[in-house]
Amino acid sequence: MTESSRLSAVRASYDAVAVDYARLLTGVLEAAPLDRAMLGAFAECVRGGGGGAVADLGCGPGRITAYLNGLGVRAFGVDLSPAMVAVARRSYPGLRFEVGRMAPLDVADGALGGVVAWHSTAHTPPGELPAVFAEFARVLAPGGYALLAFEAGDGRRLLDHAYGHPVDLDVYATPPGLAADRLAEAGLAEVARLVREPDPDETGPRGFLLTRKPPSA
């Protein structure tokens with residue numbers, strides 16, 4: 001599958017599920033203390049590092065963007081799916097949401113204090129992760145932070161039905177060590193790592209990597 005056809009399939013799938021996705025994920029973060037802890041640590045690091053805007057990449061219906069704003073960072077969302085962005089804008093009219101890709105990003109070099117990819121690299125083939133992580137590093141200011149959440153494991157599965165709709169999605173699990181290595185190769189040094197066991201409705205362990213662009217970069 002070419003990159004263009006893969007992105008088209010991802011966009012169409014999330015356009016189809018957008019409304020039900022937002023409804024079904026309501027309250028999920030509130031029941032996930034370790035996930036909230038990583039978001040809280042990220043937000044505190046960004047604030048302590050001088051602030052700056054934070055891009056929530058693959059923001060979906062905007063729940064993580066809104067949560068980060070509640071933690072005192074100036075977050076905005078970017079998502080490939082216009083339907084997801086429409087739901088986010090309706091749900092959080094005071095926040096900024098844009099349709100766009102994770103790579104390339106329509107953001108100037110060094111413009112951001114933080115980047116979050118909250119399970120949004122799940123459909124990115126492993127061979128394309130270096131380019132995505134290099135883009136994270138490009139848009140971060142020196143000393144800026146990136147937080148990656150992902151399914152911890154190895155392999156690919158096809159998802160053909162989700163959130164009550166037919167979809168066409170490849171889902172990739174990534175070994176935490178490999179993700180950390182790829183982030184380091186992009187210039188983002190590991191600060192903290194967490195792997196938690198899956199909740200009953202999750203397919204595998206969840207990994208979280210907090211990384212930082214060197215202050216002197």
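This is a predicted model: local features need pLDDT of at least 70, side-chain atom pairs count only at pLDDT 80 or more; totals for chains, interfaces and linings use all residues.
His 119 is placed in the loop between E4 and H5. Its phi is positive, at about 60°, although His 119 is not a glycine. Tyr 163 is a further residue other than glycine with a positive phi, here near 55°. Tyr 163 belongs to the loop between strand E6 (155-162) and strand E7 (165-173), and its relative accessibility of 31% makes it partly exposed.

The peptide bond that joins Ala 103 and Pro 104 is cis, with an omega of about 0°. Pro 104 is located in the loop between strand E3 (97-99) and E4. As background to these cases, most residues other than glycine have a negative phi, and most peptide bonds are trans.

## Two buried residues

Glu 135 is part of helix H5. It is a buried residue, with a relative accessible area of 11%, which is under the 20% limit for that class. Leaving aside residues up to four places away in sequence, Glu 135 touches Met 102, Ala 103, Pro 104 and Leu 105. Two of these contacts, Ala 103 and Pro 104, are the residues joined by the cis peptide bond.

Ala 55 lies in strand E1 and is buried, with a relative accessible area of 1%. Its contacts, again without residues up to four places away in sequence, are Phe 76, Leu 112, Gly 114, Val 115 and Val 116. Ala 55 and Ala 16 are 39 residues apart along the chain, and their C-alpha atoms are separated by 24 Å.

## The nonpolar cores

Which residues touch the most other members of the largest nonpolar core? This core has 28 residues, and those with the most contacts to other members are Leu 57, Leu 112, Val 115, Phe 133, Phe 136, Leu 148 and Leu 188. Two or more residues come from each of strand E1 (54-57), strand E2 (75-79), strand E4 (112-118), H5, E5 and helix H6 (176-185). Helix H5 contributes the most, with 6 residues. A second, separate core of 18 residues includes Ile 64, Ala 75, Leu 147 and Ala 149. In soluble globular proteins, nonpolar side chains tend to be buried together.

Beyond residues up to four places away, Leu 148 touches Ala 117, Thr 121, Phe 133, Ala 179, Leu 183, Gly 207, Phe 208 and Leu 209.

## Strand E9 and its partners

Strand E9 (residues 206-212) has 6 buried residues out of 7, so it is largely enclosed by the rest of the structure. E9 runs antiparallel to E5, and 7 bridges join the two strands. In this pairing, Phe 150 has Gly 207 in E9 as its bridge partner.

Strand E8 (residues 189-196) is also joined to E9 by 7 bridges, and these strands run antiparallel. Here Arg 196 stands opposite Arg 206 in E9.

## The cavity

How many cavities of 30 Å³ or more does the structure hold? There is 1 such cavity, and the volume of the largest cavity is about 80 Å³. Its lining consists of Thr 121, Ala 122, Thr 124, Pro 125, Pro 126, Leu 129, Phe 133, Leu 148, Phe 150, Tyr 172, Thr 174 and Ala 179. Helix H5 (129-139) and strand E5 (140-151) are the elements that give two or more residues to this lining.

By class, the cavity lining has 9 nonpolar residues, 3 polar residues and no charged residues. Phe 133 and Leu 148 belong to this lining and also to the largest nonpolar core.

## The second largest pocket

The second largest pocket holds about 210 Å³ of space. It is lined by 13 residues, and the closest to its centre are Leu 25, Thr 26, Glu 30, Arg 63 and Tyr 92. Helix H3 (residues 63-70) gives the most to the lining, with 3 residues.

The lining of this pocket has 8 nonpolar, 3 polar and 2 charged residues, whereas that of the largest cavity has no charged residues.

Definitions and conventions. Residues are numbered from 1 along each chain as its sequence is written. Side-chain values use heavy atoms; hydrogens and water are left out. On a 1 Å grid over the protein atoms alone, a cavity is a set of points where a 1.4 Å probe fits but cannot get out, and a pocket is an open set with protein on both sides within 12 Å along at least five of seven lines; lining residues have an atom within 4 Å of a point. Grid points are joined across faces, edges and corners, and a volume is the space filled by probe spheres set on the points. Helices (H or I, at least four residues) and strands (E, at least two) are DSSP runs, numbered from the N terminus. Ala, Val, Leu, Ile, Met, Phe, Trp, Tyr, Cys and Pro count as nonpolar, Asp, Glu, Lys and Arg as charged, and the others, Gly among them, as polar. Buried means under 20% relative accessible area, exposed over 50%, partly exposed in between (1.4 Å probe, protein chains only). Two strands pair if DSSP finds at least two bridges between them. A nonpolar core is a set of buried Ala, Val, Leu, Ile, Met, Phe, Trp, Tyr and Cys residues joined through side-chain atoms within 4.5 Å. Contact means heavy atoms within 4.5 Å.
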